[in-house]
Structures are given as structure tokens and as C-alpha cells.
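Reader: Could you take me through the side-chain packing of this model, beginning with the aromatic rings and ending with individual buried residues?

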Amino acid sequence: MPIDKIKLRLLLKKYLNDNIGSNELQMLRQYVLHTDDPTLLEQVLDELWREQTDETDQPIPSARLYQSILHQAEIQGNLPIRNSVPMAARWRFAAAIAALLCICAGLFWFIQLVPTSRPHPGNTEQAIVPGGNKATLTLADGRTVFLSEAQSNVVVNGDDMRYGDGSMVLKHQQAPPDALPTLMTITTPRGGTYQITLSDGTKVWLNSASMLTYPQHFDVQERIVQLEGEAYFEVTSQPQEKESPPVPFLVKTSNQTVRVLGTRFNITAYPDEANTKTTLVEGSVQVTNLSSRVIKKLIPGNQSITRGRYMEVKEVDADPEIAWKDGYFAFADEHISNVMSTIARWYNIEVEYQGDMTNKYFGGTLSRFEDFETLLKTIELTGSVRFKIMGRRVIVMT
């Protein structure tokens, strides 16, 4: 999968702490050897170096908790600026990392070829790891295409679908001009995410356990897609023809329809959750409750909540609602059941509860690429709940 700053930082930290897996080591080595953005590598190495040199003994749990939520401060741009490490020292650090990666990668391939009698530390099939780029494409004729995990997005063109790097996914069949729109479905599993650019240029990011049904070509009168799960939309404005009004874009879920022209918003509509939430980042949208026919218009910073015939609109901070797209979990004093439901979909686990969870809440920002046990320990530091891991089942206890 492509490596952004969050993933790069995580891999380097794992490497420095000597707990990096073989696949992760190979991914990191490939990045170091072939990156076309050495500035990013320098920046992350510089940050890690400063953390190493500025580190002091802080035995209290709150210090570790502070470290675990630094990502939130980074998003808001509120981290204090420290003096930069001298360039020579920084590049010595970078060179050492690169050299060691090459050596370790060689050892990794040697170990794969030479048998060893050393016992395996555990069942790798039971390892709980963060999600990644995983999705399937279901064609109109029922065929299924497994999208590459080495890619992160696909682009729908008139005659074909390609990955973001231009390589071919599939060739579309040519339909007669008067034929009905050919519907296709992109689905992400638990622990999966993917991004798709539709034929009109609209970009959609799918969160885990989500499904988007869309046409190969949009109708000239309106653009309609169907969503189950969670997705972030960046809808392009599309005029019908000169001096004609823009073609509306509609997102349908099981209990509502969102009508937009050109805007950015997030929809959460999981079938196992009672509420459907629509959060507007930019522009304006119109949300219709399909049961009561109530219509609400949202402005940026508004969130509509639809449940049965009920519907309300409230003001929210949109950033935490879309943090998942940028690699974070952002919880604003949410009930532990909602927190664990979100985590479970990404790490593909089952959750069980023991004890009274009535007043158990958690607030904070965590990396979606955090080591799973470290993530649970961070939540435990609040003193609200405790966890026990049994295979792929996590027991939440008071």
C-alpha cells in the first residue's frame, strides 16, 4: 500500500523499537530505496530523532497517554516548535536507517530460504493488524474483481477503469446509446478502505465494511449512487449544457437521500447502527428522510441524524467526523460501544462486553495504523475500561 507520513512514521518507529514484521520491513525498505520524496523521509526522521534526544524519564501513565494523542495536536498544528537537529546529524541518522534496512532486508530473505528450528512466537493468522487497501468490484454480469492492495484508488473512465497510477483494472463493455445505465458495486471488507473517482470526476473514499453502487455512465438528468456503510464525498459540479442548471448528485441510503450539486460531505450509514449521520464540510446539501419525508438543508458544520421517522440537525466540528479518511480515529467523548464498533470494523475483530457499560465513554485521537495492543492500552489509561484479547475476540471489562 502507498506510504504516507502517518504510515512512514509508524514503520520507522516499529523498526527503531525492533518490533517490525517482515512484510512491514520489506515495505519500508522499498520506500527508502525508491522514494521520490526524500523531504518527507527527512522530516519524519528529524521528528523521531528529536523525540529520541529530548526524551526524559516520565514514569507516570499520563506521559504515555500524551504521546498517544500527539496526532491530534499535529492535525491542529498546535505542536510546539523545537530547535532543529543539525543537518549533518540528521543525515547520519537517515543514512544509518537506510543501511540497516538493506542489511535487515537481506537477512529477512536469507531466513526465508534457510530452515530454522526456532519455535514460532505465535499463530500469525491470529495477529490483529490495522486495515489497508482492500476492495472488490462487482460487475453488472455478477463477476467479481479483487482490486490490488498495492494500489489505493481506481478511476472510472468512459471505456475502462484504471488504478491511480494509470495501470488497467478492466475494460468496460460498450453499451447501446439507449441502454439503461450499467450499475457496478465497489465493496470494502472489514479492515479495508479504498477510493474511487467516478465518471463525472466525483471522488469517494470508502471506509471499512462499506458498499457503493454506481453507474458506469451517469444519466444526463441526475447522478445517483447508493451507499451502505461510510463514505466521504467530494462531488464535482456538472452542468447539463451551456446556461443549464448543474446536474444534481444524489446519495441514497436505506432511510434517506442526500441531494447535492458540488460539495464535500461525509455519510455514515451502517446497517447495524440506528443512526444515519450526514456531516457537511463545504457547500450545501439537502437531506430527505424517506419515512417522514422531512427535508433539512445543511450548511458547513451541520450534521443531520436520521433514525426512523426522526430527524435532527446539530452543529459539530467536521474534522473528527472525517479523520478516518486521513488515518485517524477521532472520538469526542463517545460511548465505549461506539468506540469499539468503529475499531472492530477497522481491525476486523469481534467485541464482547462484561459488566455495566452505562457510563463508559472515551475521547481522544488515535492513529488507525497503531499497534492494536498499544491502542487498547491507550484507552485503558483513562481508567474507564479494561481489555482482554482472546484470538480475534476482545473482551471489554469494567
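This is a predicted model: local features need pLDDT of at least 70, side-chain atom pairs count only at pLDDT 80 or more; totals for chains, interfaces and linings use all residues.

Reader: How many aromatic pairs does a search of the whole structure find?

Author: Rings of Phe, Tyr and Trp (its six-membered ring) pair if their centres lie within 6.5 Å, and planes under 30 degrees apart count as stacked, over 60 as edge-to-face and the rest as tilted. The search of the whole structure gives nine such pairs. One of them joins Phe 331 and Phe 362 edge-to-face, at 6.1 Å centre to centre and with 65° between the planes.

Reader: Which parts does the pair of Phe 331 and Phe 362 tie together?

Author: Helices (H or I, at least four residues) and strands (E, at least two) are DSSP runs, numbered from the N terminus. Phe 331 belongs to strand 20 (residues 328-335) and Phe 362 to strand 22 (residues 361-367), so their pair ties together parts that are 31 residues apart in sequence. As for burial, the term buried means under 20% relative accessible area, exposed over 50%, and partly exposed in between (1.4 Å probe, protein chains only). Phe 331 counts as buried at 8% relative accessibility, and Phe 362 is buried with a relative accessible area of 3%.

Author: Another edge-to-face pair is formed by Trp 346 and Phe 369, with 6.2 Å centre to centre and 80° between the planes. Since Trp 346 lies in helix 8 (residues 336-347) and Phe 369 in the loop between strand 22 and helix 9 (372-380), this pair ties together parts that are 23 residues apart in sequence. Trp 346 is buried at a relative accessible area of 1%, and Phe 369 is buried at 8%. Ring pairs also link Phe 329, Phe 331, Tyr 347, Phe 362 and Phe 372 into a cluster.

Reader: Which residue lies over the face of Trp 346?

Author: A charge sits over a ring if NZ of Lys or CZ of Arg is within 6 Å of the ring centre and within 35 degrees of the ring normal. Arg 368 lies over the face of Trp 346, at 3.7 Å from the ring centre, and Lys 325 lies over the face of Trp 205, at 4.9 Å from the ring centre.

Reader: Which members of the largest nonpolar core touch the most other members?

Author: A nonpolar core is a set of buried Ala, Val, Leu, Ile, Met, Phe, Trp, Tyr and Cys residues joined through side-chain atoms within 4.5 Å. The largest has 37 residues, of which Ile 186, Ile 196, Leu 212, Tyr 214, Phe 233 and Phe 265 touch the most other members. Strand 11 (residues 223-234) supplies the largest share of this core, four residues. Apart from it lies another core, of 28 residues, including Ala 330, Ala 344, Phe 372 and Val 396.

Reader: With which side chain does Thr 185 make a polar contact?

Author: A polar contact is a pair of N or O atoms within 3.5 Å; within protein, one must be able to donate a hydrogen and the other to accept it, and residues adjacent in sequence count only if both atoms are side-chain atoms. The side chain of Thr 185 makes such a contact with the side chain of Thr 213 (3.0 Å). Thr 185 is placed in strand 7 (residues 183-188) and is buried, with a relative accessible area of 14%. Thr 197, in strand 8 (residues 192-197), is buried at 11%, and its side chain makes a polar contact with the side chain of Gln 195 (3.2 Å).

Conventions:
Residues are numbered from 1 along each chain as its sequence is written. Side-chain values use heavy atoms; hydrogens and water are left out.
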